[in-house]
Amino acid sequence: AQAVLFDKELIPNLKGQTDAFVMAAERRVQGLHMGINRTFFQYNTLSGDTVQSADGTVGSPEFVSQISAPAQLGEWNNFTNFSAFAIASSIDDLVGNSAQELGYQAGQSISELYSAVADSAGNSAVDSNVNQSALLSTPFTLDLATIRELKQQLVSIDVLPCKNGRFCGAISPNVLGDIYNSTTVNNSIVDLWKQSPNAEKFDEMAGSDQSKVITLPGTNVDFRQTPFVTKTSNYQGSGKTSYRTYIFGNYAMIGVWLQVPGDTDLDEGDWRTIDCKVITDAPMSSFDPTATIGGWCSYKFHQTVTLPPAIGPNTQRTRWIDSVPAIQ
């Protein structure tokens, strides 16, 4: 009567979107046998020249200078292994299920690598204008008008859209709730969408999950929802946590991919498409002559990500802002 049945159908755990930052970056592929270093170049922009030229006089030539930024590839990997005994006696697909969890870890890892570089763009030594947190005051709530302002700041310095003619963004679902529900005049998406003929947009928004790309009206920004944004506890002494919202233009970040033989294909960083290597019937070897280790799963990838080669005010092609959402 006291027997316990262990259910083989595992309950799915909670997983967030891992591709928001990778999708916003330009991709460069490092060829095999071409080293691990790469340098990006950019011409300095010439200013207008309104000085008249004297007729018949050959003046001095214009010098068109370049700037550069280095990037160096690195390796990230992890694995887990299991004894043949454990594999044979487990009630679930021990190796396969663990491989899925490792794939999610790989997705989080690549997301954090890219978000850290996006954060570094706001460093005062790079471009202090990237950090626009000062636009908000207590209670530090983000609204649609501020999103438009961030995007227009990029437009005003000639930054082009990220992909498909639109700017890209990464946002926490917590912050998105504030933008949906803002009651400031002309800022409430709910007021815009709940009326016919856009009522279906309201229903679509209300039922969306993190996988839904959100196009905010009047912004030309496609936002991907993700929990992997930078958070700051006790923000500005408020006792609450702030969440960072990002807007990216073209070449806001550049990712370099090197596909070493045996590497895990990360695709665009979505954990659902990351297939880790799975071995379930490991053979005997000189290191394990009795085949005690029955199988393992692993991932390995070689990446780097960098900002465009420019330093100074209004040189970076991204904006971010910290806000304290109502949903904590």
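Helices here are DSSP runs of H or I with at least four residues, strands are runs of E with at least two, and both are numbered from the N terminus. This is a predicted model, in which local features need pLDDT of at least 70, side-chain atom pairs count only at pLDDT 80 or more, and totals for chains, interfaces and linings use all residues. Residues are numbered from 1 along each chain as its sequence is written, and side-chain values use heavy atoms, with hydrogens and water left out.

**Stop 1: a loop residue**

Select glutamine 132. It sits in the loop between helix 2 (94-120) and helix 3 (144-156). Is glutamine 132 buried or exposed? Glutamine 132 counts as buried, at 14% relative accessibility. Buried means under 20% relative accessible area, exposed means over 50%, and partly exposed lies in between (1.4 Å probe, protein chains only).

Now show what glutamine 132 touches. Leave aside its neighbours within four places in sequence, and its contacts are Leu150, Gln153, Arg319, Trp320 and Ile321. Contact means heavy atoms within 4.5 Å.

**Stop 2: ring pairs**

Next, look at the aromatic rings. The structure holds 8 aromatic pairs. Rings of Phe, Tyr and Trp (its six-membered ring) pair if their centres lie within 6.5 Å; planes under 30 degrees apart count as stacked, over 60 as edge-to-face and the rest as tilted.

Select phenylalanine 21 and phenylalanine 248. Their ring centres are 6.2 Å apart and their planes are at 75°, so this pair is edge-to-face. The pair links distant parts of the chain, 227 residues apart. Phenylalanine 21 is in the segment before strand 1 (26-29), and phenylalanine 248 is in strand 9 (residues 242-248). Phenylalanine 21 is buried, with a relative accessible area of 0%. Phenylalanine 248 is buried too, with a relative accessible area of 0%.

Move on to tryptophan 76 and phenylalanine 301. Here the ring centres are 5.8 Å apart and the planes are at 15°, so the pair is stacked. This pair also links distant parts of the chain: tryptophan 76 lies in strand 4 (residues 74-83) and phenylalanine 301 in strand 12 (residues 293-306), 225 residues apart. Tryptophan 76 is partly exposed at 30% relative accessibility, whereas phenylalanine 301 is buried at 2%.

Ring pairs link Phe21, Tyr246 and Phe248 into a cluster.

**Stop 3: charges over rings**

Select arginine 27 and tryptophan 257. The charged end of arginine 27 sits over the ring of tryptophan 257, 3.6 Å from its centre. Then try lysine 15, which lies over the face of tyrosine 104, at 5.5 Å from the ring centre. A charge sits over a ring if NZ of Lys or CZ of Arg is within 6 Å of the ring centre and within 35 degrees of the ring normal.

**Stop 4: the cavity**

On a 1 Å grid over the protein atoms alone, a cavity is a set of points where a 1.4 Å probe fits but cannot get out, and a pocket is an open set with protein on both sides within 12 Å along at least five of seven lines; lining residues have an atom within 4 Å of a point.

Which element gives the largest share of the lining of the largest cavity? Strand 12 does, with 3 residues.

**Stop 5: the pocket**

Finally, find the largest pocket. It is lined by 15 residues. Select Gln42, Thr45, Asn314, Thr315 and Arg317, which lie nearest its centre.
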